[in-house]
Amino acid sequence: MSVQTHSATTDPVRIAPRAGVIGLGMIGGGVAVSLARSGRIPVVYDIRPDAADDLLGVPPVAASPVDVARDSDVVLVAVVDAAQARTVLCADDGVLAGAHPGLVVVLLSTVAVPVVHELARECSAKGVELLDCGVTPGDQAANNGLVAILGGNDDAVRAAMPVLVDFAKEVVHCGPLGAGMATKIARNVITYGTWRAVHEAAGLVDAAGVAPERLIEVVQAADPEGATLFSWLRNQIAAQPDTRALVPQVRRLMDKDLAAAQELAADCGVVVPLVDATRSNGAETLEIPVKEQS
C-alpha cells in the first residue's frame, strides 16, 4: 500500500491523533519540523534540553518520554540504536510508563529485526502496538520528504497513518511486524553495495588513466533514471518464458565483461573482491524462478 502525503497546513492547533517525537537528531528533528509544518504540533523529547530550540514550529522539549506518551496517541521513536530504543521505551520514565489505551509506538530507528520483535513484546505487555518504520532519505526529513517503510498490523497502521502522512511523502506498508525493518535493511544493502561497486569501478578507471568524473558522466548519461539497477530483478519477478530464454546469453555477456574487469584489475594492481564475487555467483544472480501454473 502506498499513500501520498497530505498538503501541509499552517494550523497551529494540535489535532487528533496527537503526535510525539522522541529523539531530535537529523531524522527525528526533521520529522518534528515536518509535523509542525503540517499543522500536527508534536510533543517532543530529547536528552538535550535545548534540542528543539532551532526547530521551526516545534515546542520545547518535554521533561521525559513518559510525558510524551501521556500527551500523544502516536509516538515516533527516532533514537540512534537498539539500546537507546529500549531505554526510551522501558525505563521507569519511559514511553511504556505513560501508556494509555490506543497508544501506538512507531520505531523509526534502524535496528535488527529480532530487536523489533523484542520491543513489540514489551509494548504488548502494556497494551501498546508497535510499528517498525524504516525511513529514507534522512536528509529530507525536515522537508516532508521521507519514504516511510512500514511493518505492523493493519489496525495499528490505520491508527498511525494520519501522523505518518503528515511527515512522509510516501508510506509503503510492506507487511506484518518486522517487514518494514527488513525492507529498510535490504535497501541499505543496495546503498552500501552500490557504493562498493562504484569504489571498485572508480579504482579501475583511475588505474587505467581515466578521471573518475568521466565514469560519473558516462553512467549518468547512459542511465539517468537508474533503471538498470532493478532491471534484472523485474525480469525475475515477471518470470516470463522469453525472459528465461535470455539467461544463457546474458550469462555469457556477464562472464565475458567481468572477466575483462578482472584482467584490467590484475594488470593495474587493483583489488576487486566484489567483481570476483559477482562473476563467481553469476548463475545464481541471473536465475529466473519457474512460476507454478495456476
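What share of the contacts in the protein chain with a separation of 6 or more comes from residues 24 or more positions apart? The figure is 66%. Keep that in mind as you move around this predicted model.

**Whole chain.** Show the C-alpha trace. Along its principal axes it spans about 65 × 50 × 35 Å. Colour by secondary structure: there are 11 helices and eight strands. Of the 294 residues, 41% count as buried.

**Confidence.** Now colour by pLDDT. The chain mean is 92, and 94% of residues reach 70 or more. Select residues 1–12. Here pLDDT stays under 50, although the model has 30 contacts beyond four places in sequence for this stretch. Where pLDDT is low, the predicted coordinates should not be read in detail.

**H3 and H4.** Select residues 82–90 for helix H3 and residues 113–124 for helix H4. Their axes come within 11 Å and cross at roughly 5 degrees. Angles under 35 degrees count as roughly parallel, so H3 and H4 are roughly parallel to each other. Show side chains next. H3 contributes Ala-82, Ala-85, Arg-86, Leu-89 and Cys-90 to the contact. H4 contributes Val-115, Glu-118, Leu-119, Glu-122 and Cys-123. By class, the contact has seven nonpolar, three charged and no polar residues.

**H6.** Select residues 179–207, the 29 residues of helix H6. Check the distance between the end C-alpha atoms: it is 42 Å. Pick out the buried positions in H6, among them Ala-179, Met-181, Lys-184, Asn-188, Glu-200 and Leu-204. Gly-209 follows H6, and its phi is positive, near 90 degrees.

Key: Residues numbered from 1 in each chain as written. Predicted model: local features only at pLDDT ≥ 70, side-chain atom pairs only at ≥ 80, totals over all residues. Heavy atoms only, no water. Helix = DSSP H or I, 4+ residues; strand = E, 2+ residues; numbered from the N terminus. Expected span 1.5 Å × (residues − 1). Buried < 20%, exposed > 50% of the residue type's maximum accessible area, 1.4 Å probe, protein only. Axes fitted to C-alpha atoms, helices over the stretch in contact; angles between N-to-C directions. Parallel < 35°, antiparallel > 145°, perpendicular 65-115°, else oblique. Contact = heavy atoms within 4.5 Å. Nonpolar A, V, L, I, M, F, W, Y, C, P; charged D, E, K, R; others polar. pLDDT = per-residue confidence, 0-100.
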